[in-house]
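Please keep the sequence and the structure in view while working through the numbered points.

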Amino acid sequence: MKRIAIILDKNLEIGAAANVAALLMGQAALKEPDLYSDTPVLDLSGVQHAGIRYSTVILKAGENQLIQLAKSCSADNDEVSYVVFSQKGQSLNNAFEQYADEIASMEMEVTKVVGVIVWGEDDKVRTTTKKFSVMK
């Protein structure tokens with residue numbers, strides 16, 4: 001069984017938190033093609049529902065905890081997959097090339113990480129994220 005944990009900066013406003021979670025989930029879906037079903041999930045009315053295959057949880061953390069999480073995921077290599085999103089990314093609306101160039105010239109800590117998505121085997125994700133609490 002697989003699991004996804006989206007860990008967001010606890011100080012983000014609700015709209016910004018939702019935006020960061022959506023961006024991270026989209027990137028994870030590109031990197032993990034089995035995340036969503038290729039076959040539509042339809043109800044009896046013919047309305048399509050999300051075909052997500054992995055259990056997903058949204059957690060919260062402080063900025064330094066997010067940085068440490070990304071570093072530990074990097075050090076663990078193949079234990080879990082992960083992607084981060086930063087305050088730098090939030091500040092560059094509709095400027096992908098500039099975003100990519102600026103991120104490529106910065107250390108992760110300077111980008112001010114506001115979210116991390118982690119996915120993989122359920123037990124590995126739970127172990128990696130157990131110190132974070134559920135976002136409310």
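1. Arginine 3 counts as buried, because its relative accessibility of 11% falls under the 20% limit for that class. The model is a predicted one, and the values quoted here are computed from it.

2. What does the side chain of arginine 3 meet in a salt bridge? The partner is the side chain of aspartate 122, at 3.8 Å from N to O. Arginine 3 belongs to strand E1 and aspartate 122 to helix H6 (residues 122-129), so this pair ties together parts that lie 119 residues apart in sequence. Aspartate 122 is likewise buried, with a relative accessible area of 13%.

3. Aspartate 122 also forms a salt bridge with arginine 126, at 2.7 Å from N to O. These two residues are separated by about one helical turn, because they stand four residues apart in helix H6. Arginine 126 is partly exposed, at 42% relative accessibility.

4. The whole structure contains six salt bridges. One of them joins the side chains of lysine 71 and glutamate 109, at 2.7 Å from N to O. Lysine 71 lies in helix H2 (residues 63-75) and glutamate 109 in helix H5 (residues 108-111), so parts 38 residues apart in sequence are tied together. Lysine 71 is partly exposed at 37%, and glutamate 109 is partly exposed at 33%.

5. Strand E6 deserves attention. E1 and E6 run antiparallel and are joined by seven bridges; isoleucine 7 has valine 116 in E6 as its bridge partner. E5 and E6 also pair in the antiparallel sense, over six bridges. Eight of the nine residues of E6 are buried, so E6 is largely enclosed by the rest of the structure.

6. Which residues touch the most other members of the largest nonpolar core? Of its 20 residues, they are Ile4, Ile6, Leu8, Val20, Leu24, Ile117 and Trp119. E1, H1, E5 and E6 each supply at least two residues of this core, and H1 gives the largest share, six residues. Apart from this core lies another, of 15 residues, including Val57 and Leu69.

Technical notes
Residues numbered from 1 in each chain as written. Predicted model: local features only at pLDDT ≥ 70, side-chain atom pairs only at ≥ 80, totals over all residues. Heavy atoms only, no water. Core = buried A, V, L, I, M, F, W, Y, C linked by side-chain atoms within 4.5 Å. Buried < 20%, exposed > 50% of the residue type's maximum accessible area, 1.4 Å probe, protein only. Pairing = 2+ DSSP bridges. Salt bridge = Lys/Arg side-chain N within 4 Å of Asp/Glu carboxyl O.
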